[in-house]
Amino acid sequence: MVHPCSAGARTGVEGVVRTLGSVTELYVRASLGRGDGTAEQVRQILSAAAALLREHAAVPVQERVFAPPPMRQLIAGARQAALGDIDDGVEPAWLAAPDDGAAAGVQIHAVAGCGRPRVLAVDGVPCGRLVSSGDGCWLFGSNIRAPGEGPPAAQAAGMFWRAEALLRQAGGSLHHVARTWLWLGGILDWYGELNRVRNELFKSRGLLAADGTGQLPASTGIGVRPFGSARCAMDLVAVLAGERPKFLLRGGRQGAASAYGSAFSRAAVVPTPAGRAIYVSGTAAIDAAGRTTHVGDIGGQIEATLDNMHAALADAGGRPEQIVQSIAYCKTPQVQAAFEAKWADRLPRCLVVQADVCRPELLFEVEATAMER
(Lines give C-alpha, C1' and ligand atoms only; values in the text may rest on other atoms or scores of the structure.)
Protein backbone atom coordinates (compact mmCIF):
# COMPACT_ATOMS: atom_id res chain seq x y z
CA MET A 1 0.00 0.00 0.00
CA VAL A 2 0.96 3.68 -0.34
CA HIS A 3 0.98 5.83 2.78
CA PRO A 4 2.59 9.04 4.01
CA CYS A 5 5.41 8.92 6.51
CA SER A 6 6.50 11.65 8.85
CA ALA A 7 9.76 13.32 9.78
CA GLY A 8 8.23 14.19 13.14
CA ALA A 9 7.98 17.84 14.10
CA ARG A 10 10.70 18.85 11.64
CA THR A 11 9.17 21.03 8.98
CA GLY A 12 9.97 20.97 5.30
CA VAL A 13 10.33 17.19 4.95
CA GLU A 14 7.70 14.67 3.90
CA GLY A 15 7.79 11.12 2.60
CA VAL A 16 5.53 8.59 0.94
CA VAL A 17 6.04 4.84 1.32
CA ARG A 18 4.95 2.07 -1.07
CA THR A 19 5.36 -1.50 0.21
CA LEU A 20 4.97 -4.79 -1.62
CA GLY A 21 5.88 -7.83 0.43
CA SER A 22 9.34 -7.23 1.85
CA VAL A 23 10.21 -4.45 -0.61
CA THR A 24 9.70 -0.75 0.09
CA GLU A 25 9.97 2.33 -2.07
CA LEU A 26 10.28 5.68 -0.34
CA TYR A 27 9.81 9.09 -1.96
CA VAL A 28 11.11 12.03 0.06
CA ARG A 29 10.63 15.73 -0.55
CA ALA A 30 12.60 18.27 1.46
CA SER A 31 12.08 22.01 1.15
CA LEU A 32 15.19 24.05 1.94
CA GLY A 33 13.39 27.40 1.94
CA ARG A 34 13.99 30.40 -0.31
CA GLY A 35 17.70 30.91 0.10
CA ASP A 36 17.35 32.68 3.44
CA GLY A 37 17.69 29.65 5.71
CA THR A 38 20.63 29.31 8.06
CA ALA A 39 23.26 26.62 7.74
CA GLU A 40 21.84 24.97 10.86
CA GLN A 41 18.35 24.88 9.31
CA VAL A 42 19.71 23.23 6.17
CA ARG A 43 21.56 20.64 8.27
CA GLN A 44 18.42 19.91 10.31
CA ILE A 45 16.27 19.47 7.21
CA LEU A 46 18.72 17.12 5.47
CA SER A 47 19.22 15.19 8.72
CA ALA A 48 15.44 14.75 8.88
CA ALA A 49 15.40 13.43 5.32
CA ALA A 50 18.22 10.99 6.11
CA ALA A 51 16.37 9.89 9.25
CA LEU A 52 13.40 8.87 7.09
CA LEU A 53 15.71 6.74 4.96
CA ARG A 54 17.18 5.05 8.03
CA GLU A 55 13.75 4.52 9.57
CA HIS A 56 12.81 2.42 6.54
CA ALA A 57 16.32 0.96 6.00
CA ALA A 58 16.20 2.54 2.54
CA VAL A 59 19.03 3.66 0.27
CA PRO A 60 18.75 6.29 -2.50
CA VAL A 61 18.42 5.25 -6.12
CA GLN A 62 17.81 8.75 -7.49
CA GLU A 63 18.28 12.17 -5.98
CA ARG A 64 18.14 15.73 -7.23
CA VAL A 65 18.90 19.05 -5.57
CA PHE A 66 17.46 22.36 -6.81
CA ALA A 67 19.29 25.29 -5.24
CA PRO A 68 21.08 28.56 -6.01
CA PRO A 69 24.70 27.69 -6.84
CA PRO A 70 26.11 29.57 -3.82
CA MET A 71 24.29 27.06 -1.59
CA ARG A 72 26.00 24.04 -3.14
CA GLN A 73 28.90 23.79 -0.72
CA LEU A 74 26.59 24.15 2.28
CA ILE A 75 24.11 21.57 0.99
CA ALA A 76 26.82 19.12 -0.12
CA GLY A 77 28.47 19.18 3.30
CA ALA A 78 25.17 18.84 5.15
CA ARG A 79 24.09 16.04 2.83
CA GLN A 80 27.32 14.06 3.32
CA ALA A 81 27.13 14.43 7.09
CA ALA A 82 23.45 13.40 7.16
CA LEU A 83 23.75 10.37 4.87
CA GLY A 84 26.98 8.97 6.29
CA ASP A 85 27.40 5.37 5.17
CA ILE A 86 24.19 5.59 3.11
CA ASP A 87 26.13 7.73 0.62
CA ASP A 88 27.44 5.42 -2.12
CA GLY A 89 29.32 8.04 -4.13
CA VAL A 90 26.68 8.70 -6.80
CA GLU A 91 26.14 12.45 -6.89
CA PRO A 92 22.63 13.86 -7.02
CA ALA A 93 21.64 15.91 -10.03
CA TRP A 94 22.77 19.39 -8.94
CA LEU A 95 20.36 21.83 -10.56
CA ALA A 96 20.57 25.60 -10.44
CA ALA A 97 17.73 27.71 -9.07
CA PRO A 98 17.90 31.50 -9.50
CA ASP A 99 19.83 33.53 -6.92
CA ASP A 100 16.81 35.79 -6.30
CA GLY A 101 15.34 34.00 -3.30
CA ALA A 102 13.80 31.16 -5.29
CA ALA A 103 12.95 28.06 -3.30
CA ALA A 104 15.48 25.27 -2.94
CA GLY A 105 14.51 21.66 -2.52
CA VAL A 106 15.53 18.03 -2.65
CA GLN A 107 13.80 14.96 -4.10
CA ILE A 108 14.92 11.45 -3.17
CA HIS A 109 13.66 8.10 -4.44
CA ALA A 110 14.92 5.26 -2.23
CA VAL A 111 14.40 1.50 -1.93
CA ALA A 112 14.65 -1.11 0.80
CA GLY A 113 14.49 -4.89 0.74
CA CYS A 114 16.47 -5.23 -2.51
CA GLY A 115 19.95 -5.29 -1.06
CA ARG A 116 22.49 -2.57 -1.66
CA PRO A 117 22.30 -1.24 -5.25
CA ARG A 118 25.32 -1.93 -7.42
CA VAL A 119 27.01 1.32 -8.39
CA LEU A 120 28.05 1.76 -12.04
CA ALA A 121 30.46 4.40 -13.35
CA VAL A 122 31.21 5.83 -16.79
CA ASP A 123 34.71 7.23 -17.35
CA GLY A 124 35.32 6.87 -13.64
CA VAL A 125 32.24 8.91 -12.64
CA PRO A 126 29.65 6.99 -10.57
CA CYS A 127 26.29 7.76 -12.21
CA GLY A 128 24.11 4.64 -12.03
CA ARG A 129 22.59 2.25 -9.55
CA LEU A 130 21.48 -1.27 -10.47
CA VAL A 131 18.60 -2.71 -8.41
CA SER A 132 17.21 -6.27 -8.56
CA SER A 133 14.11 -7.71 -6.92
CA GLY A 134 12.40 -10.96 -7.88
CA ASP A 135 12.34 -11.21 -11.66
CA GLY A 136 12.86 -7.49 -12.11
CA CYS A 137 16.00 -5.44 -12.65
CA TRP A 138 16.24 -1.65 -12.90
CA LEU A 139 18.89 0.90 -13.70
CA PHE A 140 18.58 4.37 -12.17
CA GLY A 141 20.88 6.89 -13.84
CA SER A 142 21.73 10.20 -12.19
CA ASN A 143 23.47 13.39 -13.30
CA ILE A 144 24.69 11.96 -16.62
CA ARG A 145 26.67 14.62 -18.50
CA ALA A 146 28.86 14.99 -21.57
CA PRO A 147 32.54 14.25 -20.90
CA GLY A 148 33.64 17.74 -21.99
CA GLU A 149 32.57 21.22 -22.95
CA GLY A 150 31.49 22.45 -26.38
CA PRO A 151 28.37 23.62 -28.24
CA PRO A 152 25.08 22.54 -26.62
CA ALA A 153 24.21 20.04 -29.36
CA ALA A 154 27.61 18.39 -29.02
CA GLN A 155 27.14 18.22 -25.26
CA ALA A 156 23.71 16.63 -25.77
CA ALA A 157 25.23 14.00 -28.06
CA GLY A 158 27.93 13.32 -25.45
CA MET A 159 25.30 13.06 -22.72
CA PHE A 160 23.38 10.43 -24.70
CA TRP A 161 26.66 8.63 -25.46
CA ARG A 162 27.35 8.33 -21.74
CA ALA A 163 23.79 7.18 -21.09
CA GLU A 164 24.23 4.40 -23.65
CA ALA A 165 27.58 3.44 -22.12
CA LEU A 166 25.91 3.18 -18.71
CA LEU A 167 23.09 1.07 -20.14
CA ARG A 168 25.54 -1.29 -21.86
CA GLN A 169 27.33 -1.89 -18.56
CA ALA A 170 24.01 -3.01 -17.11
CA GLY A 171 23.30 -5.29 -20.07
CA GLY A 172 20.72 -2.93 -21.56
CA SER A 173 20.17 -0.34 -24.27
CA LEU A 174 17.97 2.64 -25.01
CA HIS A 175 15.17 0.14 -25.67
CA HIS A 176 15.01 -0.45 -21.91
CA VAL A 177 14.61 3.22 -20.94
CA ALA A 178 11.20 4.08 -19.48
CA ARG A 179 11.71 7.64 -18.22
CA THR A 180 14.19 10.46 -18.75
CA TRP A 181 14.70 13.91 -17.28
CA LEU A 182 16.70 16.32 -19.44
CA TRP A 183 18.07 19.34 -17.56
CA LEU A 184 18.80 21.97 -20.21
CA GLY A 185 20.54 25.26 -19.51
CA GLY A 186 19.41 28.02 -21.89
CA ILE A 187 16.70 25.77 -23.32
CA LEU A 188 15.12 28.49 -25.46
CA ASP A 189 18.36 28.95 -27.39
CA TRP A 190 18.79 25.33 -28.46
CA TYR A 191 15.75 23.15 -27.76
CA GLY A 192 15.38 22.51 -31.49
CA GLU A 193 18.96 21.22 -31.57
CA LEU A 194 18.28 18.95 -28.60
CA ASN A 195 15.27 17.50 -30.41
CA ARG A 196 17.35 16.97 -33.55
CA VAL A 197 20.06 15.09 -31.63
CA ARG A 198 17.51 12.96 -29.77
CA ASN A 199 15.39 12.24 -32.86
CA GLU A 200 18.38 11.16 -34.93
CA LEU A 201 19.62 8.90 -32.15
CA PHE A 202 16.21 7.34 -31.50
CA LYS A 203 15.69 6.73 -35.22
CA SER A 204 19.11 5.10 -35.54
CA ARG A 205 18.32 2.81 -32.59
CA GLY A 206 14.86 1.85 -33.89
CA LEU A 207 12.91 3.68 -31.19
CA LEU A 208 11.34 6.33 -33.44
CA ALA A 209 9.69 5.48 -36.75
CA ALA A 210 9.41 7.79 -39.73
CA ASP A 211 5.71 8.32 -39.01
CA GLY A 212 6.40 9.53 -35.46
CA THR A 213 5.35 6.35 -33.70
CA GLY A 214 7.65 4.18 -31.65
CA GLN A 215 8.82 3.11 -28.22
CA LEU A 216 9.45 6.49 -26.68
CA PRO A 217 10.20 7.01 -22.98
CA ALA A 218 8.25 9.43 -20.87
CA SER A 219 10.36 12.55 -20.46
CA THR A 220 10.80 16.03 -19.10
CA GLY A 221 12.98 18.50 -21.00
CA ILE A 222 13.12 21.71 -18.99
CA GLY A 223 15.17 24.90 -18.74
CA VAL A 224 16.99 24.12 -15.51
CA ARG A 225 20.75 24.24 -15.92
CA PRO A 226 23.10 21.84 -14.18
CA PHE A 227 25.67 23.33 -11.83
CA GLY A 228 29.01 24.03 -13.46
CA SER A 229 29.81 24.51 -17.14
CA ALA A 230 27.64 21.71 -18.56
CA ARG A 231 24.69 22.84 -20.68
CA CYS A 232 22.75 19.62 -20.07
CA ALA A 233 22.43 16.59 -17.83
CA MET A 234 20.17 13.56 -17.71
CA ASP A 235 18.51 11.29 -15.18
CA LEU A 236 16.91 8.04 -16.37
CA VAL A 237 15.01 4.96 -15.28
CA ALA A 238 15.44 1.75 -17.30
CA VAL A 239 13.66 -1.58 -16.86
CA LEU A 240 16.18 -4.29 -17.74
CA ALA A 241 14.22 -7.43 -16.82
CA GLY A 242 10.71 -8.43 -15.82
CA GLU A 243 7.43 -6.83 -16.85
CA ARG A 244 7.78 -4.35 -19.69
CA PRO A 245 6.60 -0.72 -19.43
CA LYS A 246 3.54 0.54 -21.26
CA PHE A 247 3.98 3.81 -23.15
CA LEU A 248 1.19 6.28 -23.91
CA LEU A 249 2.30 8.18 -27.00
CA ARG A 250 -0.87 10.28 -26.70
CA GLY A 251 -2.43 11.09 -23.37
CA GLY A 252 -5.52 12.84 -22.11
CA ARG A 253 -6.15 15.99 -24.14
CA GLN A 254 -2.84 15.93 -25.98
CA GLY A 255 -1.67 14.24 -29.14
CA ALA A 256 1.75 12.74 -29.78
CA ALA A 257 4.63 15.09 -29.01
CA SER A 258 6.54 13.39 -31.83
CA ALA A 259 4.10 15.03 -34.25
CA TYR A 260 5.83 18.36 -33.58
CA GLY A 261 9.35 16.99 -33.26
CA SER A 262 9.77 15.94 -29.61
CA ALA A 263 10.44 12.22 -29.16
CA PHE A 264 8.72 11.30 -25.90
CA SER A 265 5.52 9.68 -24.70
CA ARG A 266 2.96 11.57 -22.65
CA ALA A 267 3.13 8.98 -19.88
CA ALA A 268 4.51 5.55 -19.07
CA VAL A 269 3.26 2.80 -16.77
CA VAL A 270 6.38 1.21 -15.37
CA PRO A 271 6.95 -1.78 -13.06
CA THR A 272 9.04 -0.83 -10.03
CA PRO A 273 10.50 -2.86 -7.15
CA ALA A 274 7.37 -2.26 -5.03
CA GLY A 275 4.61 -2.19 -7.66
CA ARG A 276 3.98 0.07 -10.63
CA ALA A 277 4.70 3.74 -11.18
CA ILE A 278 2.96 6.08 -13.57
CA TYR A 279 5.37 8.65 -14.92
CA VAL A 280 3.56 11.65 -16.44
CA SER A 281 5.94 13.56 -18.67
CA GLY A 282 6.54 17.26 -18.51
CA THR A 283 3.17 18.73 -19.46
CA ALA A 284 2.21 22.27 -20.47
CA ALA A 285 -0.69 24.24 -21.99
CA ILE A 286 -0.49 22.58 -25.41
CA ASP A 287 -3.58 21.34 -27.22
CA ALA A 288 -4.23 18.19 -29.26
CA ALA A 289 -2.84 19.86 -32.40
CA GLY A 290 0.38 20.88 -30.65
CA ARG A 291 -0.52 24.57 -30.29
CA THR A 292 0.15 26.67 -27.17
CA THR A 293 -3.07 27.76 -25.48
CA HIS A 294 -3.84 30.77 -23.24
CA VAL A 295 -0.87 32.80 -24.48
CA GLY A 296 -0.14 35.62 -22.02
CA ASP A 297 -2.68 34.32 -19.48
CA ILE A 298 -0.94 32.97 -16.37
CA GLY A 299 -4.06 31.51 -14.76
CA GLY A 300 -5.30 30.04 -18.02
CA GLN A 301 -2.01 28.25 -18.67
CA ILE A 302 -1.80 26.90 -15.12
CA GLU A 303 -5.38 25.60 -15.27
CA ALA A 304 -4.93 24.04 -18.72
CA THR A 305 -1.61 22.45 -17.76
CA LEU A 306 -3.02 20.83 -14.64
CA ASP A 307 -6.07 19.63 -16.58
CA ASN A 308 -3.79 18.11 -19.23
CA MET A 309 -1.64 16.40 -16.59
CA HIS A 310 -4.62 14.96 -14.72
CA ALA A 311 -6.13 13.71 -17.99
CA ALA A 312 -2.88 11.93 -18.95
CA LEU A 313 -2.64 10.44 -15.46
CA ALA A 314 -6.21 9.16 -15.73
CA ASP A 315 -5.54 7.63 -19.15
CA ALA A 316 -2.64 5.74 -17.56
CA GLY A 317 -4.92 4.43 -14.81
CA GLY A 318 -3.91 6.80 -12.02
CA ARG A 319 -5.54 9.31 -9.70
CA PRO A 320 -4.22 12.55 -8.18
CA GLU A 321 -4.12 11.11 -4.66
CA GLN A 322 -1.63 8.49 -5.88
CA ILE A 323 0.98 11.13 -6.77
CA VAL A 324 4.14 10.54 -4.75
CA GLN A 325 6.40 13.12 -6.38
CA SER A 326 5.80 16.16 -8.57
CA ILE A 327 7.42 19.36 -9.78
CA ALA A 328 5.84 22.63 -10.91
CA TYR A 329 8.13 24.62 -13.19
CA CYS A 330 7.29 28.33 -13.16
CA LYS A 331 8.81 30.77 -15.65
CA THR A 332 8.72 33.77 -13.31
CA PRO A 333 8.13 34.59 -9.64
CA GLN A 334 4.71 35.93 -10.67
CA VAL A 335 3.75 32.55 -12.15
CA GLN A 336 4.98 30.83 -9.01
CA ALA A 337 2.97 33.16 -6.77
CA ALA A 338 -0.18 32.53 -8.81
CA PHE A 339 0.26 28.76 -8.70
CA GLU A 340 0.93 28.68 -4.96
CA ALA A 341 -2.00 30.99 -4.19
CA LYS A 342 -4.72 29.09 -6.05
CA TRP A 343 -3.66 25.79 -7.60
CA ALA A 344 -0.99 24.14 -5.43
CA ASP A 345 -3.49 21.74 -3.87
CA ARG A 346 -4.06 20.18 -7.31
CA LEU A 347 -0.47 18.93 -7.43
CA PRO A 348 0.37 16.85 -4.33
CA ARG A 349 3.88 16.54 -2.89
CA CYS A 350 5.22 19.23 -5.14
CA LEU A 351 8.51 21.05 -5.43
CA VAL A 352 8.19 24.45 -7.09
CA VAL A 353 11.09 25.42 -9.35
CA GLN A 354 11.68 28.54 -11.44
CA ALA A 355 12.59 27.50 -14.98
CA ASP A 356 12.15 28.35 -18.63
CA VAL A 357 9.82 26.06 -20.54
CA CYS A 358 10.51 24.82 -24.07
CA ARG A 359 8.60 27.60 -25.88
CA PRO A 360 9.01 31.33 -25.17
CA GLU A 361 5.26 31.80 -24.64
CA LEU A 362 4.90 28.88 -22.21
CA LEU A 363 4.80 30.01 -18.59
CA PHE A 364 4.24 26.80 -16.66
CA GLU A 365 4.95 23.07 -16.82
CA VAL A 366 4.35 20.17 -14.46
CA GLU A 367 5.44 16.55 -14.12
CA ALA A 368 4.25 13.84 -11.75
CA THR A 369 5.06 10.34 -10.56
CA ALA A 370 2.21 8.27 -9.14
CA MET A 371 2.23 4.84 -7.49
CA GLU A 372 -0.73 2.52 -7.55
CA ARG A 373 -2.20 1.59 -4.19
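Here are some questions and answers on how the terms used for this predicted model follow from its atoms.

In this predicted model, local features need pLDDT of at least 70, side-chain atom pairs count only at pLDDT 80 or more, and totals for chains, interfaces and linings use all residues. Residues are numbered from 1 along each chain as its sequence is written, and side-chain values use heavy atoms, with hydrogens and water left out.

Q: Why is Gly 242 called partly exposed?
A: Buried means under 20% relative accessible area, exposed means over 50%, and partly exposed is in between (1.4 Å probe, protein chains only). Gly 242 has a relative accessible area of 42%, so it is partly exposed.

Q: Where does Gly 242 lie, and what is it in contact with?
A: Gly 242 sits in the loop between strand S12 (232–241) and strand S13 (246–248). Helices (H or I, at least four residues) and strands (E, at least two) are DSSP runs, numbered from the N terminus. With contact taken as heavy atoms within 4.5 Å, and leaving aside neighbours within four places in sequence, Gly 242 touches Asp 135 and Gly 136. The C-alpha atoms of Gly 242 and Trp 138 are 9.2 Å apart, although 104 residues separate the two along the chain.

Q: What makes strand S14 largely enclosed?
A: Six of the six residues of S14 (residues 267–272) are buried, so the rest of the structure largely encloses this strand. Both faces are covered: Ala 267, Val 269 and Pro 271 are buried on one side, and Ala 268, Val 270 and Thr 272 are buried on the other.

Q: How do you know that S14 pairs with S13 and with S15?
A: Two strands pair if DSSP finds at least two bridges between them. Three bridges join S13 to S14, and these strands run antiparallel; Phe 247 stands opposite Ala 268 in S14. Six bridges join S14 to strand S15 (residues 275–283), again antiparallel, with Thr 272 opposite Gly 275 in S15. S14 and S15 form a hairpin with two residues between them.

Q: What makes Cys 127 and Cys 330 count as buried?
A: Cys 127 has a relative accessible area of 5%, so Cys 127 is buried. Cys 330 is at 0% relative accessibility, and therefore counts as buried.

Q: Why are S7 and S11 called edge strands?
A: The open sheet has six strands in the order S7-S8-S9-S12-S10-S11, with mixed pairing. Strand S7 (118–122) and strand S11 (218–222) each pair on one side only, and these are the edge strands. Strand S10 (residues 177–184) pairs with S11 in the parallel sense over five bridges, and Thr 180 has Ser 219 as its bridge partner in S11.

Q: How do you know that the span of helix H3 agrees with its number of residues?
A: The expected span of a helix is 1.5 Å times one less than its number of residues. For the 18 residues of H3 this gives 26 Å, and the end C-alpha atoms are 26 Å apart, so the two agree.

Q: What makes H3 mostly covered?
A: In H3, 13 of its 18 residues are buried. The helix is followed by Gly 171, whose phi is positive, near 80°.
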